[in-house]
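This report goes through one protein structure part by part. The sequence and the model come first, and the notes on them follow.

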Amino acid sequence: MSSTVTYMLGWGDHYERGSSGPFLGPVGLDFAALSAEYRRERYAEANIAMKDHCWLSEEDFCSWLLQKGILTPVESTHVELDIRTSGDEAFVPLHWPECPQCSRGRGEQEYGMLRRSLNRITAFRRCTECRHEWGHVDEPNDSKRPMIEDDGRDTTGGCVPFAISKACGVEWNTVKAICARYGWTENGMNTPHNAALAIRELGYDLVAVDVPRNGLSKPTLKQVATQLSTARSYIIGIRGHWLAVVNGRIIDNDNNSGMTSRVVELYEVRKQQAVAA
Ligand SMILES: [Zn+2]
C-alpha cells in the first residue's frame, strides 16, 4: 500500500514564478524522470506530425501529469487572513482606569509638557474612546533626580520677575502676580520704572548703582559680579535681560547669560526702612 501526499508544483526564477496545485500523488515521485518521459513523448508526437518546432512548458507538463493519472487535482479554497488590532479591535488593557467622562473607554498613560530645567513632565490619562484627558500630575522627567519647584526659571519673558523674586527672596507666584499688575506679560516688562514700582510693593527699593567702568568699555558680568558685596542683593541688566546676584552668587533664569556679557545696568535691592511716625 503506497501512501499519498499533496504536491504543490513550482517553477521559474525569482522574477517570473509559476505554480500549480495542490495535487494528490504517491509519495516520492521522480519528477526528473517524469519530465524526461514527458519530453520524449512530446518530441515523438511532433515528429509524427512533422512539425519544425516543439514547445514544452511546465504548464503543459502539469497537464500531462494529470492526463496520465500520475497526479489528481484536489479541491482547495483560498482564504485571505487579516487579524485586526486597531479601532474597536484594539487591545485596551483592563488595568487601565475607566474614563470618567464616557465610561466606555479607558485611560492610556500619556505625557505632555516637558519642563527640562525643572525636571518636570506632565503625566496624564487619555481616553481610548472619547480622547478625554484627566489626572494631570507632574512627575520627574529624569526619575533619578528630584523635581524642582517652579521658581519661574523657564517662564517665557520672565527674567524680570524671576530676578526680583530671587533678589527680594519672595516666592515666584507672588512676584509674578504683582509684576503682571505693573505690565509684565510673556513679552517682558518695562524696566526699570515699572519693575521699581513692583519691587516697592514687595517692600524693597531698587537703588541704581554706578556700573564700575572697565577702561572705555562696559565691564563683563564676571567682572561686576566679583566686585559686589556678598552680603547684599543686586539685579544686573545686560542687553535686554535681567538677572540677580544674591550674596555673591549669580542667579539667572534659563537664558543663562554668558559670563562675558556686558553689564549695562546695576541695582542694589534694599529692604525699605520703617518710616518714623
Ligand atoms: Zn472617554
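## The largest nonpolar core

In this predicted model, the largest nonpolar core has 27 residues, and I164, L206, I235 and W242 touch the most other members. The elements that give two or more residues to this core are the helices α3, α4 (172-181) and α5 (193-201), together with the strands β7 (204-208), β9 (241-246) and β11 (263-271). Helix α3 gives the most, with seven residues.

What does L206 touch? Leaving aside residues up to four places away in sequence, L206 touches P192, A196, I199, I235, W242, Y267, E268 and V269. A second, separate core has 12 residues, including F23, F61, W64 and L65.

## Helix α3

Helix α3 covers residues 159-168, and nine of its 10 residues are buried. The buried ones are C159, V160, P161, F162, A163, I164, S165, A167 and C168. Just after α3 comes G169, with a positive phi of about 70°.

Strand β8 (residues 233-238) is largely enclosed by the rest of the structure, because six of its six residues are buried. In a regular strand the side chains alternate between the two faces of the sheet. In β8, S233, I235 and G237 point one way, while Y234, I236 and I238 point the other way, and all are buried.

Which strands pair with β8? One is β9, which pairs with β8 in the antiparallel sense over six bridges. Y234 has V245 in β9 as its bridge partner. The hairpin of β8 and β9 has two residues between the strands, and G240 in this hairpin takes a positive phi near 70°. Strand β11 also pairs with β8 in the antiparallel sense, over six bridges. Here S233 stands opposite V269 in β11.

## The zinc site

Which residues coordinate the zinc ion? They are C99, C102, C127 and C130, each through its SG atom, at 2.2 to 2.4 Å. The angles among the four donor atoms are 103 to 115°, and the site is tetrahedral.

In sequence, the donor residues follow the spacing C-x2-C-x24-C-x2-C. Are C99 and C127 buried or exposed? Both are buried.

How values were computed:
Residues numbered from 1 in each chain as written. Predicted model: local features only at pLDDT ≥ 70, side-chain atom pairs only at ≥ 80, totals over all residues. Heavy atoms only, no water. Buried < 20%, exposed > 50% of the residue type's maximum accessible area, 1.4 Å probe, protein only. Helix = DSSP H or I, 4+ residues; strand = E, 2+ residues; numbered from the N terminus. Core = buried A, V, L, I, M, F, W, Y, C linked by side-chain atoms within 4.5 Å. Contact = heavy atoms within 4.5 Å. Pairing = 2+ DSSP bridges. Donors = N, O, S within 2.8 Å, 3.2 Å for Na, K, Ca; no water. Tetrahedral: all angles 85-135°; square planar, octahedral: opposite > 155°, others 65-115°.
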